[in-house]
Amino acid sequence: MPPTRVVRVDAAAPDLGVMRQAAGILRAGGLVAFPTETFYGLGAAALDAAAVRRVFEIKGRPASMPLPLLVDSRAMAASVAAEIPPRAGELMERHWPGALTLVLRATPRIPAEITAGTGTVGVRVPAHAVARALVRALGEPVTAPSANPTGAPPPVTADEVLAHFGGAIDLILDAGATPGGAPSTVLDVTVDPPRVIRQGAVLV
């Protein structure tokens, strides 16, 4: 298999041409690792079921674990959610972009691999400019689990991603080290009151 390309990008102002190239890889079913405000994530085009299955395969991720998605706006979140409850809208206004993943009822267009049969999907707008630019360039949601084998420490550098997945993924967008720390908070807003599934970087 061809080697994984590593392309350096500016963390605050990523080159649009590079983002378009990365989006083209995703559109063709490829996998791209990219920085978020916590760790490096592993991206596939979320509506491409075959690409999503590759994420599970190379991570060794159990099929019973849903995949979180990144979107670039509330409008894109609405395109994958059956509804946006008022409470969810308030949380989006307060915490997006940021490390808050909201679990919403999924539309039928979301692959079953993403939802793991739950009928729900976790979405957030990332605070990192590179992650947001990648989603915007693709024009569709991107998967966002950490770019490491399941059970291994999540990576904070492109070199760590390369050590895990060199040759198994197509591209790594290297914007330098990410802060690490707590992962995103995961909040189920399909129930009232909302239920914290994972307490992370955002206190709600």
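This is a predicted model: local features need pLDDT of at least 70, side-chain atom pairs count only at pLDDT 80 or more; totals for chains, interfaces and linings use all residues.
Biologist: Where does Pro141 lie, and which residues does Pro141 touch?

Modeller: Helices (H or I, at least four residues) and strands (E, at least two) are DSSP runs numbered from the N terminus, and Pro141 lies in the loop between helix 6 and strand 7 (142–143). Contact means heavy atoms within 4.5 Å; leaving out residues up to four places away in sequence, Pro141 touches Ala44, Ala45, Ala46, Leu69, Leu70, Val71, Met76 and Val80. The C-alpha atoms of Pro141 and Ala77 are separated by 8.2 Å, although these residues are 64 apart along the chain.

Biologist: How should I read the packing of helix 1 and helix 6?

Modeller: Two packed helices are described by the angle between their axes and the distance between the axes. The axes are lines fitted to C-alpha atoms, for helices over the stretch in contact, and angles run from 0 to 180 degrees between N-to-C directions. Here helix 1 (residues 16–27) and helix 6 (residues 129–138) pack at about 60 degrees, with axes 8 Å apart. Angles under 35 degrees count as roughly parallel, over 145 as roughly antiparallel, 65 to 115 as roughly perpendicular and the rest as oblique, and helix 1 and helix 6 are therefore oblique to each other.

Biologist: Which residues make that contact?

Modeller: Helix 1 contributes Met19, Arg20, Ala22, Ala23, Leu26 and Arg27, and helix 6 contributes Val130, Ala133, Leu134, Ala137 and Leu138. For the classes, Ala, Val, Leu, Ile, Met, Phe, Trp, Tyr, Cys and Pro count as nonpolar, Asp, Glu, Lys and Arg as charged, and the others, Gly among them, as polar. On that basis the contact has nine nonpolar, no polar and two charged residues.

Biologist: Which residues touch the most other members of the largest nonpolar core?

Modeller: A nonpolar core is a set of buried Ala, Val, Leu, Ile, Met, Phe, Trp, Tyr and Cys residues joined through side-chain atoms within 4.5 Å. The largest one has 62 residues, of which Trp96, Leu102, Val123 and Leu173 touch the most other members. Helix 6 gives the most to this core, with six residues. Setting aside neighbours within four places in sequence, the contacts of Val123 include Leu69, Val71, Trp96 and Leu102.

Biologist: Where are the cis peptide bonds that join Trp96 to Pro97 and Asp192 to Pro193?

Modeller: The bond joining Trp96 and Pro97 has an omega of about -5 degrees, and Pro97 has its place in the loop between helix 4 (86–95) and strand 5 (100–105). The bond from Asp192 to Pro193 has omega near 5 degrees, and Pro193 is found in the loop between strand 9 (185–188) and strand 10 (195–198).

Biologist: What is the phi of Ala116?

Modeller: Ala116 has a positive phi of about 55 degrees although it is not a glycine, and Ala116 sits in the loop between helix 5 (112–115) and strand 6 (120–124). At 23% relative accessibility, Ala116 counts as partly exposed.

Definitions and conventions. Residues are numbered from 1 along each chain as its sequence is written. Side-chain values use heavy atoms; hydrogens and water are left out. Buried means under 20% relative accessible area, exposed over 50%, partly exposed in between (1.4 Å probe, protein chains only).
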